[in-house]
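I opened the model to look up a few strands and loops. My notes follow in the order I made them.

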Amino acid sequence: ADTDGVFIQQDGGTNGTVQSNRVSDGTITITSDNSVELDGNAVLSTLAGGANGAITITADNHNDVSGTGTAEIELDAGSRITAAGGAPITLSSTGGTITMGDGATVRSAGGAISVSVGGNAEIALLDAGVISGGDVTVTSTTGSITDAGANVNENIVGDAVTLTAPTGINIDLNAAGAVTADSSGANGDIDIEGKLGAIILETAN
């Protein structure tokens, strides 16, 4: 394991790609001026609890070589992100998307999981735990939140779950706490199934 943590920064408008396993006793931070991709079966894992084991991935658009401003976070089929002991996981792409392949997983042992993107969020499995689980937040500023088609019963597992996407939410949940879903754009529909706590829905339709 990397005892001092892992920091990977990709500049100059090229994609940042993780192809191998990275296990850290500290934090893991990946930032890219364009997209970030975890190849199939690649693993990011922290062993420390709390903030000392936080995992943060950021895909930005400062030097997007395509000129489209669509940097994305892509977790290929079979890739895994795992944080121990209540450590939080944050995935962010201000102007882009997140796409998770079949079998891709993001798991925390009770830590909060936060996904924030500008476009669509295709979710395979975000698992913050149910018993003493962490909260899960998925936010899309212009797009939708959908099931990525993964072969799982739930796409999101956690305590309180907050979902915000103006063009629609279609997802399976296992939530011990309150579920808040806001799809109040002109074409926003909400379709949520699974084991749910208290539900608060807001839609324009």
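In which sense do strand β7 (residues 55-59) and β10 pair, and over how many bridges? I found them paired in the parallel sense over four bridges. Two strands pair if DSSP finds at least two bridges between them. Strands (E, at least two residues) are DSSP runs, numbered from the N terminus.

This is a predicted model, where local features need pLDDT of at least 70, side-chain atom pairs count only at pLDDT 80 or more, and totals for chains, interfaces and linings use all residues. Residues are numbered from 1 along each chain as its sequence is written, and side-chain values use heavy atoms, with hydrogens and water left out.

**Strand β10.** I55 stands opposite I89 in β10. I then checked strand β13 (residues 113-117), which pairs with β10 in the parallel sense over five bridges. There, S93 has V117 as its bridge partner. Four of the five residues of β10 (residues 89-93) are buried, so the strand is largely enclosed by the rest of the structure. Buried means under 20% relative accessible area, exposed over 50%, partly exposed in between (1.4 Å probe, protein chains only).

**A104.** I located A104 in the loop between β11 (97-100) and β12 (105-108). A104 is buried, at 1% relative accessible area. Leaving aside neighbours within four places in sequence, A104 is in contact (heavy atoms within 4.5 Å) with residues including L75, D76 and A124. Its C-alpha is 9.7 Å from that of E74, 30 residues apart along the chain.

**N41.** N41 lies in the loop between β5 (36-38) and β6 (43-46). N41 is exposed, at 57% relative accessibility. I noted its positive phi of about 70°, although N41 is not a glycine. Most residues other than glycine have a negative phi.
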